[in-house]
Amino acid sequence: MVVLNRIYTKTGDDGTTALGTGERRPKYDLRIEAYGTVDETNAAIGVVRLYTAEMPELDAMLGRIQNDLFDLGADLAVPEREGKAERLRVVASQVERLERDIDMLNDKLAPLTSFVLPGGTPAAAHLHVARTICRRAERVIVELAAQPGEPVSAAGIHYMNRLSDFLFVASRAVNGNGAGDVLWVPGQNR
């Protein structure tokens, strides 16, 4: 259990922050950027949920995703090291659940005839914002994984890739299952 009695510690005043291992890193470190952008994705989903109270099934999915994103943040904050006790990791079953949710939402959608522009309902617009933040988080995590000595769980990368798909499909679901999508018209303003 996490207990936070004190919010400010002043330990970051020197421009560093602690990983879950206790190791200090500069606040601009790629690992810090990775889990910070995951947190930003989570916050954007929190804004989406302001609009999903009337959609309890989708809202429950988003609530599970928010919890998963905290798991991913914890995963990223404690890099895997040889000989160290295993910590909380994102696992394949979380990715599989997300895939089932995508399939369930996608089954109800009208076929796409063009690319979708971000917009439609407020929930859809915010889902698109969350999707773009998620894609940025994924890019940072993949960049981190490419660095020597910076292990990242494959399931964490898979999760973020699926999550951006989920957020796209969910945006269409809240846009009347695609009926209210704003479609791209190539060259419309020439």
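Glu 99 forms a salt bridge with Arg 162, and the closest N and O atoms of the pair are 2.7 Å apart. The two residues link distant parts of the chain: Glu 99 belongs to helix H3 and Arg 162 to helix H5, 63 residues apart. Glu 99 has a relative accessibility of 28%, so this residue counts as partly exposed. Arg 162 is also partly exposed, with a relative accessible area of 22%. The model described here is a predicted one.

## The chain as a whole

The chain contains 5 helices and 4 strands. Read from the N terminus, the order of the elements is β-β-α-α-α-β-α-α-β. The C-alpha trace spans about 50 × 40 × 30 Å along its principal axes. Of the 190 residues in the chain, 41% are buried.

Glu 150 sits in the loop between H4 and H5, while Arg 31 is part of helix H1 (residues 30-48), so the pair ties together parts that are 119 residues apart in sequence. Why does Glu 150 count as buried? The cut-off for buried is under 20% relative accessible area, and Glu 150 has a relative accessibility of 14%. Arg 31 counts as buried too, at 0% relative accessibility.

Another salt bridge connects Arg 89 with Asp 75, and here the closest N and O atoms are 3.0 Å apart. Arg 89 lies in the loop between helix H2 (56-77) and helix H3 (92-106), Asp 75 lies in helix H2, and the two are 14 residues apart. Arg 89 is buried, with a relative accessible area of 13%. Asp 75, at 4% relative accessibility, counts as buried as well.

## Packing of helices H4 and H5

Two packed helices are described by the angle between their axes and the distance between the axes. For helix H4 (residues 122-145) and helix H5 (residues 154-174), the angle is about 170° and the axes are 9 Å apart. Are these helices roughly parallel or roughly antiparallel to each other? An angle over 145 degrees counts as roughly antiparallel, and H4 and H5 are therefore roughly antiparallel to each other. The residues of their contact divide into 16 nonpolar, 4 polar and 4 charged.

Arg 162 in helix H5 is the partner of Glu 99 in helix H3.

## A nonpolar patch on the surface

Which residues form a nonpolar patch on the surface? They are Phe 115, Leu 117, Val 182 and Trp 184, and together they have about 390 Å² of accessible area. One member, Leu 117, lies in strand E3 (residues 116-117). Leu 117 has a relative accessible area of 35%, which means that this residue is partly exposed.

## A positive phi at Asn 177

Most residues other than glycine have a negative phi. Asn 177 is not a glycine, yet its phi is positive, at about 55°. Where is Asn 177 placed? This residue is in the loop between H5 and strand E4 (182-183). Asn 177 counts as partly exposed, at 30% relative accessibility.

Gly 15 lies in the segment before strand E1 (16-18). Its relative accessible area is 31%, so Gly 15 is partly exposed. Gly 15 and Arg 25 are 10 residues apart in sequence, and their C-alpha atoms are 8.5 Å apart in space.

Asn 67 is found in helix H2. At 48% relative accessibility, Asn 67 counts as partly exposed. How many residues along the chain lie between the positions of Asn 67 and Asn 42, counted as their separation? They are 25 residues apart, and their C-alpha atoms are separated by 8.7 Å.

Note on methods
Residues are numbered from 1 along each chain as its sequence is written. This is a predicted model: local features need pLDDT of at least 70, side-chain atom pairs count only at pLDDT 80 or more; totals for chains, interfaces and linings use all residues. Side-chain values use heavy atoms; hydrogens and water are left out. Patches are made of residues with over 30% relative accessible area and no salt bridge: like charges are joined within 9 Å, nonpolar side chains (Val, Leu, Ile, Met, Phe, Trp, Tyr) within 5 Å. Accessible areas come from the Shrake-Rupley method with a 1.4 Å probe; for residues, only the protein chains shown count as cover. A salt bridge is a side-chain nitrogen of Lys or Arg within 4 Å of a carboxyl oxygen of Asp or Glu. Buried means under 20% relative accessible area, exposed over 50%, partly exposed in between (1.4 Å probe, protein chains only). Axes are lines fitted to C-alpha atoms, for helices over the stretch in contact, and angles run from 0 to 180 degrees between N-to-C directions. Angles under 35 degrees count as roughly parallel, over 145 as roughly antiparallel, 65 to 115 as roughly perpendicular and the rest as oblique. Ala, Val, Leu, Ile, Met, Phe, Trp, Tyr, Cys and Pro count as nonpolar, Asp, Glu, Lys and Arg as charged, and the others, Gly among them, as polar.
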